[in-house]
Amino acid sequence: MQKSHTEFDHARVEFDEIKKSAGVVFRALGGAPTKRVEAAVPRDYYARRKLLDKISGAKQQISLAWQDETSLRLPLSIAIFDTQQLNKELYLWLVALAAHSPTHFNHWARDNQAAVTKVLAIFPTLRPRYARLAAAMLKLRTPLASLPKSLQPLEHAVIQAILYPETPIDFPVASYAPQAIYLWLYPNENIKANPFNASDIDCEEEQESSLMTPQESLQARKKSQRVEEDDSKDSLMVFRLENLFSWSEFSRVNRAEDDTEDDDAQRVAEDLDIITVAKGSRQKTAKLKIDLDLPAAIEDDQPLGKGIILPEWDFRSNQLIPERCLLQPMLPKDSQPLALPVSLASAANKIRQQFQQLQSIKNWQKSQSTGDEVDLSAWLDFHIESKTSLAHDTGLYLRFQSRQRDISTLLLSDLSMSTDAYINNEHRVIDVIKDSMLLFSEALSAVGDPFAIYGFSSVKRHHVRFTLLKNFAEPYNDHTRGRILSLRPGFYTRMGAAIRQASRILAEQTQHRKLLLILTDGKPNDIDNYDGRYGIEDTRQAIIAARRLGLVPFCITIDQKADQYLPYIFGSNGFSVIVNPSQLPTKLPQLYHQLTHSSC
């Protein structure tokens with residue numbers, strides 16, 4: 001009996017090689033703009049199918065593709081075929097199929113067959129690619145004649161569905177899953193042992209069982225977030241909080257209500273425990289108990305007032321829910337006036353000199369009553385009008401003079417716990433954020449533009465922390481520097497509420513142009529229902545509301561996956577990704593100059 005094929009390592013294609021093009025193709029072919037395209041964890045497929053174990057004689061970790069409401073998950077790598085070209089084509093085929101496939105299946109085989117038919121009808125140029133993939137895949141399957149007679153009917157139906165997707169197939173009832181079908185998408189992180197048990201399988205029933213236990217999922221989270229370099233005694237461990245592989249992402253839970261406080265406390269403790277730092281600086285947080293009964297969740301900052309009630313957008317009901325969030329203005333506790341750090345002195349001096357020059361920039365002012373030169377364009381218009389009608393002299397001269405800058409800016413920075421991650425063995429994300437705020441302040445103080453700085457983090461919708469670092473009425477001085485330097489990472493990233501409050505503050509300024517800069521290291525995220533599409537949609541609506549107020553929102557991020565969700569929130573020209581986080585302190589003033597010099 002023929003054995004199941006082994007993978008072709010020489011032709012392997014990694015997900016990292018195609019992830020950018022996969023995201024572009026997915027959205028270009030009609031995929032949801034808010035859905036992430038990410039790598040999937042391999043499923044122990046054959047271990048669940050003892051009957052086919054006996055046939056194939058092997059247990060393999062097979063990379064399959066599936067999607068849910070928030071993400072499309074593609075294999076970490078594909079080495080199914082003996083050429084890299086075919087393996088790459090399989091990636092792109094799965095992307096095209098996902099753009100037109102249901103998130104949940106009623107009948108797994110029929111729904112996949114219908115999706116294939118739909119894609120080939122909309123994009124006929126994909127037919128040759130599909131034909132190549134189908135032929136190559138069928139060569140890898142155990143020959144029909146080699147299977148026991150009891151298994152042959154289902155295998156025959158599967159082959160017919162692959163070869164002739166437009167033809168209705170009568171799939172027989174079976175008590176087992178067929179061999180892996182790489183050209184199809186699988187249910188959400190769950191492969192039911194019997195997807196063909198009945199023709200009217202309900203998607204709720206289809207997803208009752210799971211291939212991973214919660215304990216296995218937690219171990220996968222911790223394993224995937226930790227990278228150690230054994231050759232150095234100061235090895236680096238990398239952490240991305242918002243990208244944690246969470247068991248809750250794949251569990252069918254009701255997210256219409258908030259999680260319980262006990263669940264929140266446990267999850268916060270786990271996430272803080274997963275945060276990794278450079279060796280020799282590790283924090284022991286495994287036994288940390290977060291008491292969410294505290295009015296401020298953590299007594300590290302000084303509350304200002306009783307809080308501000310704000311609405312929040314619920315995409316499920318397509319409406320703004322009033323009085324949904326409580327935003328608590330905060331002031332850094334025990335901050336002391338401090339001078340600019342010596343390490344920033346040289347960069348600050350250079351930036352101040354550059355921005356001071358903006359004060360003395362002169363431009364030609366047109367249509368002036370008096371001036372240095374004749375405005376030929378204005379004179380010609382006046383001359384033509386005087387021949388046909390009674391002309392009015394509106395100004396016939398050019399004047400070379402300084403133009404007053406008329407702009408105010410609010411910098412809103414993410415202070416969530418993910419900023420506690422180390423970007424190298426010396427500096428954390430929060431450190432470069434602090435340096436960025438300081439150099440940004442030096443630049444705007446030098447040019448004289450009014451500005452304010454706030455930070456934010458959150459612990460559910462009842463406690464959105466809004467930290468005051470500098471308001472518009474305050475001067476930039478050692479008190480401001482002391483507040484910035486005293487900052488510590490907070491919790492999560494409920495971005496919508498913070499943007500709404502920042503928009504209110506900025507809209508009250510009298511300048512003609514108002515710039516709202518948002519500095520973050522990840523996507524919107526919190527521990528109740530504010531994850532995935534919910535957080536993205538709420539943030540997008542907050543940005544839309546800011547534009548209606550006449551503000552100009554712009555996001556600056558160090559998240560290398562930001563192009564998967566920020567275009568939907570801010571627009572294609574509304575954000576910038578800083579590839580090297582350590583360059584953020586000097587890049588931020590440069591971006592400000594680029595955003596403002598043409599309009600001031």
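Guide: Happy to. A nonpolar core is a set of buried Ala, Val, Leu, Ile, Met, Phe, Trp, Tyr and Cys residues joined through side-chain atoms within 4.5 Å. Keep in mind that this is a predicted model.

Visitor: With that in hand, how many residues does the largest nonpolar core have, and which have the most contacts inside it?

Guide: The largest core has 58 residues, and those with the most contacts inside it are Leu74, Phe81, Leu90, Trp93, Ile162, Leu183 and Trp184. Several elements give two or more residues to this core, among them helix 1 (15-28), strand 4 (71-74) and helix 4 (108-122). Helix 3 gives the most, with 9 residues.

Visitor: What does Ile162 touch, leaving aside residues up to four places away in sequence?

Guide: Ile162 touches Tyr130, Ala134, Met137, Leu138, Ile181, Leu183 and Trp184. Contact here takes heavy atoms within 4.5 Å.

Visitor: Which residues does the second, separate core include?

Guide: That core of 37 residues includes Leu439, Phe440, Leu584 and Tyr592. In general, nonpolar side chains tend to be buried together in soluble globular proteins.

Visitor: Now the surface. What makes Leu376 exposed or buried?

Guide: The cut-off for exposed is over 50% relative accessible area. Leu376 has 63% relative accessibility, so Leu376 counts as exposed. Leu376 is found in helix 11, and together with Val374, Trp379, Leu380 and Ile384 it forms a nonpolar surface patch with about 510 Å² of accessible area. Helix 11 (residues 376-388) supplies the largest share of that patch, 4 residues.

Visitor: Why are strand 2 and strand 3 said to stand at the edges of their sheet?

Guide: Start with the sheet: it is open, has 3 strands in the order 2-4-3, and its pairing is mixed. Strand 2 (36-39) and strand 3 (66-67) each have a single partner strand, so one side of each is left without a neighbour in the sheet.

Visitor: How do you know that strand 3 and strand 4 pair?

Guide: Pairing takes at least two bridges between the strands. Strand 3 and strand 4 are joined by 2 bridges and run antiparallel. As one example, Gln67 has Leu72 in strand 4 as its bridge partner.

Visitor: And what joins strand 15 to strand 16?

Guide: Strand 15 (residues 513-520) is joined to strand 16 by 7 bridges, and the two run parallel. Leu517 has Phe554 in strand 16 as its bridge partner. Strand 16 (residues 551-557) is mostly covered, with 6 of its 7 residues buried.

Visitor: What makes Arg127 and Glu166 a salt bridge?

Guide: The cut-off is a side-chain nitrogen of Lys or Arg within 4 Å of a carboxyl oxygen of Asp or Glu. The closest N and O atoms of Arg127 and Glu166 are 3.0 Å apart, and they form a salt bridge. Arg127 lies in helix 5 and Glu166 in the loop between helix 6 and helix 7 (203-206), so the pair ties together parts that are 39 residues apart in sequence. The structure holds 21 salt bridges.

Visitor: Why is Arg494 called buried?

Guide: Buried means under 20%. Arg494 has 0% relative accessibility, so Arg494 counts as buried. Glu312 is buried with a relative accessible area of 0%, and the side chains of Glu312 and Arg494 meet in a salt bridge at 2.8 Å, N to O. Those two are 182 residues apart, with Glu312 in strand 7 (residues 308-314) and Arg494 in the loop between helix 13 (478-485) and helix 14 (495-507).

Visitor: Which other salt bridge does Arg494 form?

Guide: Arg494 forms one with Asp526, the closest N and O atoms being 3.0 Å apart. Asp526 is buried, as is Arg494. Glu312, Arg324, Arg494, Asp526 and Asp528 are linked in a network of salt bridges.

Conventions: Residues numbered from 1 in each chain as written. Predicted model: local features only at pLDDT ≥ 70, side-chain atom pairs only at ≥ 80, totals over all residues. Heavy atoms only, no water. Patch = residues over 30% accessible without salt bridge, like charges linked within 9 Å, V, L, I, M, F, W, Y side chains within 5 Å. Areas by Shrake-Rupley, 256 points an atom, 1.4 Å probe, with all protein chains shown as cover. Buried < 20%, exposed > 50% of the residue type's maximum accessible area, 1.4 Å probe, protein only.
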